[in-house]
Structures are given as structure tokens and as C-alpha cells.
Amino acid sequence: MTVTIADVARAAGVSTATVSNALNATGRASEATRTRVREAAARLGYRPNPAGRALRTGRAGAIGLAVTTYGAVAWDVASVSYYAQAIAAATSVAHQHGYALVLLPAGLDADGWWDVQVDGVVLMDSPEDDPAVAVLRERRIPVAFDGRPDQPHARDSWVDNDHEQAIAMVLDHLAAQGATRVALLAGDSSDAYTRACVAAYTARVAQPRIGCISHDDPEGRRAARALLEGGADAVHGIFDGCGRGVLAAARELGLRVPDDVLVVTASEDPAYAWTAPPVTTLSLLPVEAATRAVTALVGAIETGEGAAEADLPVRLDVRASTQPLR
């Protein structure tokens, strides 16, 4: 038998309106009345109807999260360690604030974004002219970005690392190990992370060497090989798989890591501690980023005010791939 709000009202000796107000923390009921209603609801096993609550409050009780870097291209974002850790952290923080977290599929088109039923969305690595952003803003759904947004609006929230400082940390470390011809292995996406890393690198390096990975070469092996054949004595990859691509390219060319070339990659993948040799990684601390992004989004949902933080920390985990050149 389904317990109704009327059953709770009779058990608590109040009106159905008072039950609704007590369970939703609205109205002017006294704390004693609210307690009596909650106890009656618990005793009877009453659970509010989610659809009805959504109609009353105008909220879905859920937050969406999506990686929109490649637009309408569908791909498995959870296979990337950064996103996997961010998703787990975002889910935990959303639950702490009373929201479910819905992982939205990569590759949603504009029509798909019109159908999404959530109270707010965390967008990770949003590119320039992101159709998701246009639709969400038109629908007046709050957005929080992991990565500085293209043309941010006043109601947006966003968090980001200091990529200039991060690239400087990597370049200074490689220079201290004797590297003089450091190359960057990046990509052709237009998200803020890629643009910020490339800009910081080109501002610091007199003769930039930049390789571009592609969808059919996701670890950048071919691009890394071209950089090494061009004389690079160190390579920093800004994506998760780049370290493996550089190691493979070096093996093909008969180059030894770290004797002939140094390797750093931005990654959260713990397997880099066990490659041959173990690879130095730059961690962008996704748990911290996701925690702050979801917290900011909840604030925007509940107050209408956005927030921004552009100083998230990074960490360089030094391993054998960046020992001094001989």
C-alpha cells in the first residue's frame, strides 16, 4: 500500500500543506511541528514523489556533468584518468549537497541539450563556440566550467589551474636536467586548457617545437616521432596518453629515455609509475577541481550568483624519465 501525504497529515494532526512545508523546509511551521511531521513520515515510510516535488519546486534535484571538448564526437570520457577521478569527486560532492549527479554522454548535439533535465551543469574542457553553452544559457540553466570558459557570463561559475605556472614548472625542471630543445605535444582542440598550455609554452621557449596529436593517433606517437626526429631532447605532453606515445616513438628511433630524451606528461594515470622507465607526470589535481566546480555550481543554483577561481594547484611527480641528460 502506498503511503500518501494525506496519511502523513492525519498521523501528525496537520494539513497536507503543512506536511509539504515541513518536509521541504518552507512555510512558517514551528520547529516542533516540523519535527512531528518528519517523525510521522518516517514512521509510515512516506517518500515524496520526485515528479511532483519537481513540479512544485521547479528543480530536478540533479546536476549534469559533461565533457564537450570534441563537440558532437562521442567517446568514452571515463577511460581518461583525469575525467574518471573528477567524475567520482563530483558525484560525492553533489550527493553531499543533496543532488544526484548525471554523467551526460559526450557527443550531445544542440537538440540533445534542449532535452536535458537538470538544475545545473558542470562542463569540462568546453571549446570555443560550444553549442552546449549556448543552449544552457538560453534555458537559464546555471553552468560551472572546469577550465576557463570562452566568453564567460556574469552568472557562470568556473575553476581553472594556473597553466602558465604549470608550464613554467615543467620547463624549469627540464632545463635543470640539461634539456635545451623542449618540445610540446598538444592537440588541435579549441578548449581553454589546450590554448593556455600552448600560449604559456610559446611565451617561454625561444624556438617552439609543437606536435599535434589526432583522433587516429590519440597518444601522439607519430607526432612525437616527428618532434624527436626534429632534434627535441625533451617532450612535454599535455594529454593523458602522450607519455606512452613519446616512449613508443623513442623506442622506434632507438633513443633511450632519459639518456637521449626526457619525457613529461600531464596525467593522473598511476600506471606511469610502472612504465619503462617510469614517466614524470604533471597532475592537475582533478579531485580539487571537481570539488570546487560542483560547490560553485550549487551556489549558483541556490543563489543565482556565479564564482570564479583561477589558481588551482598542480603537482609535478618526478620519476626516472627526467633524470639528467648525459
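**Close-up 1. Arg244 and Asp240 form a salt bridge in this predicted model.** The N-to-O separation between the two side chains is 3.5 Å. Asp240 is buried, at 14% relative accessible area, whereas Arg244, at 26%, is partly exposed. Through shared partners, salt bridges connect Glu219, Asp240, Arg244 and Asp269 in one network.

**Close-up 2. A salt bridge links Asp216 and Arg222.** Their closest N and O atoms lie 3.1 Å apart. Asp216 has a relative accessible area of 60% and therefore counts as exposed. Arg222 is partly exposed, with a value of 42%.

**Close-up 3. Arg38 is joined to Glu31 by a salt bridge.** Here the closest N and O atoms are 2.9 Å apart. Arg38 is partly exposed, its relative accessibility being 36%. The structure contains 17 salt bridges.

**Close-up 4. Strand β3 is covered on both faces.** The strand spans residues 120-124, and five of its five residues are buried. Side chains in a regular strand alternate between the two faces of the sheet. On one side of β3 lie Gly120, Val122 and Met124, and on the other Val121 and Leu123.

**Close-up 5. Strand β3 pairs with β1 and with β4.** Five bridges connect β3 to β1 (residues 62-67) in the parallel sense, and Leu65 stands opposite Val122 of β3. Strand β4 (residues 143-146) also runs parallel to β3, with four bridges between them; in this pair, Met124 stands opposite Asp146 of β4. From β3 the chain passes through helix α7 (residues 131-138) to β4, forming a right-handed β-α-β crossover.

Technical notes
Residues are numbered from 1 along each chain as its sequence is written. This is a predicted model: local features need pLDDT of at least 70, side-chain atom pairs count only at pLDDT 80 or more; totals for chains, interfaces and linings use all residues. Side-chain values use heavy atoms; hydrogens and water are left out. Buried means under 20% relative accessible area, exposed over 50%, partly exposed in between (1.4 Å probe, protein chains only). Helices (H or I, at least four residues) and strands (E, at least two) are DSSP runs, numbered from the N terminus. Two strands pair if DSSP finds at least two bridges between them. A crossover is right-handed if, with the strands pointing away from the viewer, the path from the first strand over the helix to the second runs clockwise. A salt bridge is a side-chain nitrogen of Lys or Arg within 4 Å of a carboxyl oxygen of Asp or Glu.
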